[in-house]
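Here is a briefing on one protein chain. Start with the overall counts, then follow the sheet, its helices and the core.

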Amino acid sequence: MSLIWILDTGLYEQKEIRALVELSANVRDNVYHRLQRTFLGEVNSKTQNVVEVLVRCHIELSNLNNRLVREASLLPRDIYTNPEISNEARGAVVDLKFGFGPMPRDLANKKIFFFDIDNCLYKRSTKIHDLMQVKIHEYFKTHLALTDEEAHQLHMNYYKTYGLALEGLVRNHHVDALEYNAKVDDLLALQSVLSYNQDLRSTLLEIKKNFDYFWLVTNAYKNHGLRVISLLGLGDLFDGLTYCDYSKNPIICKPMKAYFDNFLSLTNIHEPSTLSFVDDSEINCKAAHDLGFGRVYHYVELESEYQKLILSSDFASYYGAGDGTDPTKIIIIRDILELRSAIERVEKA
Ligand SMILES: [Mg+2]
């Protein structure tokens, strides 16, 4: 009866609202109708009262669901505050409307732009990649007792094979992924290389005018993703985050189909041809393209990487002419700030 009590007293605190949302489908579809059928068969003064309360409950729940669809902001949010910077700074607090998902099931097939984070929302040349490589290299050397050369070779091998060095460590060496995260990602001196980015913020705000939601999809653990977004001052622009859950075994990361299936499910996307996706990883972009994602933007920052890409044997099948005018092919951008013009170009084509 606690649910009815909550409705009856009008205590629509956020905690209760989330409970109601989760319970509402069952209450409406199963419990309520079953109870109503039972009670209506043998109404007396006592059960009449229960039926009336249940009817009110049903009406309140319907109204509540309608309100939630209109005002998704009523949902309790997963809010992250970064102890490294002032919460007063613009975009410093990461306020994800739908947290780590799922989105309310009423919000299906919305127009969503999915963003990778690392080396995508900041430049590879910020050297975070280098800081991370050093930490990962140290980890390979120390935990697997390898020489520098062996550690480098294995690290590169796992990255190319799995898309994530950690995936190789867990699969082949039974490394504790959360311990790895604490010793690699969480110890990166991000604040020394990342800062508020007004240009990126303005670009994303412009792009968001044509999308319902922005959703982050990272191969990092959630701590790192939230920290990066906070330091970039983008915490109020994204509606949700799907991260690589290092506590799970096996680890599911991009470009595995299970990772993509997971975030499509969490965001109620049944028709991937409607969504947009940007990532700096070639294998991730190709996987997204193979899954039929509507628009796939590949951020290729380094000239050497670009030259190698355009000479690859399957370039035309994935990238077409490579000029970003064919919406059925992967669209290359050379700077994340080009994303807006790349979107406009392909939509006009
Ligand atoms: Mg990336």
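Strand β4, residues 213-217, runs parallel to β5, and three bridges join the two. This is a predicted model. The protein chain holds 14 helices and eight strands. Six of the strands form an open sheet with parallel pairing.

**Chain overview**
- The protein chain has 349 residues, and 33% of them are buried.
- Among contacts with a separation of 6 or more, 67% link residues 24 or more positions apart.

**The sheet**
- The strand order is β5-β4-β3-β6-β7-β8.
- β5 (240-242) and β8 (331-333) are the edge strands, and each pairs on one side only.
- From one strand to the next, the twist averages 20°.

**The β4 and β5 side**
- Three bridges hold the parallel pair β4 and β5.
- L216 has L241 in β5 as its bridge partner.
- Helix α10, residues 257-266, packs on the sheet here and touches β3 (112-115), β4 and β5.
- The direction of α10 makes about 155° with that of β5.

- Which residues of β7 are buried? Five of its five are, and the strand is mostly covered.
- R295, Y297 and Y299 point one way from β7, while V296 and H298 point the other way.
- In a regular strand, side chains alternate between the two faces of the sheet.
- β6 and β7 run parallel and are joined by four bridges.
- In that pair, S276 stands opposite R295 of β7.
- The chain passes from β6 through α11 to β7, and this β-α-β crossover is right-handed.
- Helix α11 (residues 282-290) lies across β6 (276-279) and β7 (295-299).
- α11 runs at about 170° to β7.
- On the β8 side, three bridges join β7 to β8, again with parallel strands.
- H298 stands opposite I332 in β8.

**Helix α9**
- Why is α9 described as largely enclosed by the rest of the structure? Nine of the eleven residues in this helix (residues 222-232) are buried, so the rest of the structure largely encloses it.
- The buried residues of α9 are H224, G225, L226, R227, V228, I229, S230, L231 and L232.
- Their cover includes strands β1 (78-80) and β2 (94-96), helix α8 (198-208), and strands β4 and β5.
- G233 follows α9 and has a positive phi, near 75°.

**The nonpolar core**
- The largest nonpolar core has 74 residues.
- F114, F115, L166, I229 and F238 have the most contacts inside this core.
- α9 gives the most to the core, with five residues.
- I229, one of the residues with the most contacts in the core, is among the buried residues of α9.
- L166 touches A177, Y180, Y246 and I251, leaving out residues up to four places away in sequence.

**Points to trace on the model**
- Where does the sheet end? Look to β5 and β8, its edge strands.
- Which helix connects β6 to β7? The chain crosses through α11.
- Which strands does α10 touch? They are β3, β4 and β5.
- What lies over the buried residues of α9? β4 and β5 are part of the cover, along with β1, β2 and α8 among others.

Definitions and conventions
Residues numbered from 1 in each chain as written. Predicted model: local features only at pLDDT ≥ 70, side-chain atom pairs only at ≥ 80, totals over all residues. Pairing = 2+ DSSP bridges. Axes fitted to C-alpha atoms, helices over the stretch in contact; angles between N-to-C directions. Contact = placed C-beta atoms within 7 Å. Buried ≥ 20, exposed ≤ 12 C-beta atoms within 10 Å, placed from the backbone. Right-handed = clockwise from strand over helix to strand, strands pointing away. Core = buried A, V, L, I, M, F, W, Y, C linked by C-beta atoms within 7 Å.
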